[in-house]
Amino acid sequence: MAGYIKVEVKKLETKQINTQVNAEVFEEFQKKCRERNLQMCTVIETFARQYSKNRYKLAEEDILKWKNDLGKTSTLSTPINKEVYNQFKDEVKA
């Protein structure tokens, strides 16, 4: 006799990230995620979580270089955990 297990799942609230990213960087990111069998939203959320908790550092000169890059862009649009999104947004604004 087959049975089933009923599990109650609490769905986490998410927030959509929509941003323009250098097209070449975006393609490399997609490729790497596929190679490692990871969803892009999982990688982005993990980065945002670590960055918000000061566990990941970015070099200031790299940020300025990428910020000023006027090359072809692609749109990165992915949902992440709303709490992580808000923490990340607050950290980036600081």
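Partly exposed means a relative accessible area between the buried limit, under 20%, and the exposed limit, over 50%. The views below come from a predicted model.

**View 1. A salt bridge joins Glu 13 and Lys 82.** The closest N and O atoms of this pair are 3.5 Å apart. The bridge links distant parts of the chain. Glu 13 lies in the segment before E1, and Lys 82 lies in helix H4, 69 residues apart. Lys 82 has a relative accessible area of 32%, so this residue is partly exposed. Glu 13 counts as exposed, at 55% relative accessibility.

View 2. A search of the whole structure finds three salt bridges. One of them pairs Glu 35 with Lys 32, with 3.9 Å between the closest N and O atoms. Another joins the side chains of Arg 49 and Glu 45, at 3.2 Å from N to O. An α-helix has 3.6 residues a turn, so residues three or four places apart point the same way. Arg 49 is partly exposed, with a relative accessible area of 34%.

**View 3. Eleven residues make up the largest nonpolar core.** Among them are Ile 17, Val 21, Phe 26, Ile 44, Leu 76 and Phe 88. Strand E1 (14-22), helix H2 (40-52), strand E2 (73-81) and helix H4 (82-93) each give two or more residues to this core.

**View 4. Ile 17 is a buried residue of strand E1.** Its relative accessible area is 13%. Leaving aside residues up to four places away in sequence, Ile 17 touches Ile 44, Leu 76, Ser 77, Thr 78, Ile 80 and Tyr 85. Ser 77 is 60 residues from Ile 17 in sequence, yet their C-alpha atoms are 5.4 Å apart.

View 5. H2 has 13 residues. From first C-alpha to last, the helix reaches 18 Å, close to the 18 Å expected at 1.5 Å a residue. Its buried residues are Cys 41, Ile 44, Ala 48, Tyr 51 and Ser 52. Just after H2, Asn 54 takes a positive phi of about 55°.

Key: Residues are numbered from 1 along each chain as its sequence is written. This is a predicted model: local features need pLDDT of at least 70, side-chain atom pairs count only at pLDDT 80 or more; totals for chains, interfaces and linings use all residues. Side-chain values use heavy atoms; hydrogens and water are left out. A nonpolar core is a set of buried Ala, Val, Leu, Ile, Met, Phe, Trp, Tyr and Cys residues joined through side-chain atoms within 4.5 Å. Buried means under 20% relative accessible area, exposed over 50%, partly exposed in between (1.4 Å probe, protein chains only). Helices (H or I, at least four residues) and strands (E, at least two) are DSSP runs, numbered from the N terminus. Contact means heavy atoms within 4.5 Å. The expected span of a helix is 1.5 Å times one less than its number of residues. A salt bridge is a side-chain nitrogen of Lys or Arg within 4 Å of a carboxyl oxygen of Asp or Glu.
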